[in-house]
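Me: I'd like to go through the labels on this model one at a time and see what backs each of them. Can you take my questions as they come?

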Amino acid sequence: MQTLRKSPEARERFAEKVTTARKERKLPEGFRPSKALFAILLKGGTDLTADTLFPLSQVTLMQTARTLEAWDVQGIASTPPTAAPAGIQQAAA
């Protein structure tokens, strides 16, 4: 996300990959991402708490939160996991 926001070359290469992957889809000229989804998948549906992350992951999560706050990114409320389709593990926002 950070690279796509700041680098015209990265945006151009990303647009090329989108076109290659989906011939019917082309990003508009001058595309810049305006939305992002940030998710963490934990093993076996473990709840995300400070105790369930390794110390390095805690530091990385804090740095990411600060970056997103600086970009004025709005969060969504956490929700308990619901039944997921077969083959897809449950995740909470």
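Predicted model: local features only at pLDDT ≥ 70, side-chain atom pairs only at ≥ 80, totals over all residues.

Me: Why is Val18 called buried?

Reply: Val18 has 15% relative accessibility, which is under the 20% limit, so it counts as buried. Val18 is found in helix H2. Leaving aside residues up to four places away in sequence, Val18 touches Arg25 and Leu27; contact here means heavy atoms within 4.5 Å.

Me: And why does Phe14 count as partly exposed?

Reply: Phe14 comes out at 34% relative accessibility, which falls between 20% and 50%, so it is partly exposed. Phe14 is in helix H2 as well. Residues up to four places away aside, Phe14 touches Leu4, Leu27 and Phe31. Phe14 and Phe31 are 17 residues apart in sequence and 9.7 Å apart in space, C-alpha to C-alpha.

Me: Why is Ile40 partly exposed?

Reply: The relative accessible area of Ile40 is 29%, again between 20% and 50%, so that's the label. Ile40 sits in the loop between H2 and helix H3 (55–70). Not counting residues up to four places away in sequence, Ile40 touches Leu48 and Leu61. Ile40 and Leu61 are 21 residues apart in sequence, with their C-alpha atoms 9.8 Å apart.

Me: How do you know that Arg11 has no salt bridge?

Reply: A salt bridge is a side-chain nitrogen of Lys or Arg within 4 Å of a carboxyl oxygen of Asp or Glu. For Arg11, the nearest side chain of opposite charge is Glu12, 9.0 Å away, so Arg11 is buried yet has no salt bridge. Arg11 is found in helix H2. Apart from residues up to four places away in sequence, Arg11 touches Leu4, Arg5, Lys6, Phe31, Arg32 and Pro33.

Me: Which residues form the negative surface patch?

Reply: Glu9, Glu12, Glu16 and Glu29. Patches are made of residues with over 30% relative accessible area and no salt bridge, with like charges joined within 9 Å and nonpolar side chains (Val, Leu, Ile, Met, Phe, Trp, Tyr) within 5 Å. Asp and Glu count as negative, Lys and Arg as positive, while His and the chain ends are not counted. The place of a charge is NZ of Lys, CZ of Arg, CG of Asp or CD of Glu.

Me: Why is Glu29 called exposed?

Reply: Its relative accessible area is 82%, over the 50% limit, so Glu29 is exposed. Glu29 is in the loop between H2 and H3, whereas Glu12 lies in helix H2 (residues 8–21). Glu29 and Glu12 are 17 residues apart in sequence and 9.2 Å apart in space, C-alpha to C-alpha.

Note on methods. Residues numbered from 1 in each chain as written. Heavy atoms only, no water. Areas by Shrake-Rupley, 256 points an atom, 1.4 Å probe, with all protein chains shown as cover. Helix = DSSP H or I, 4+ residues; strand = E, 2+ residues; numbered from the N terminus. Buried < 20%, exposed > 50% of the residue type's maximum accessible area, 1.4 Å probe, protein only.
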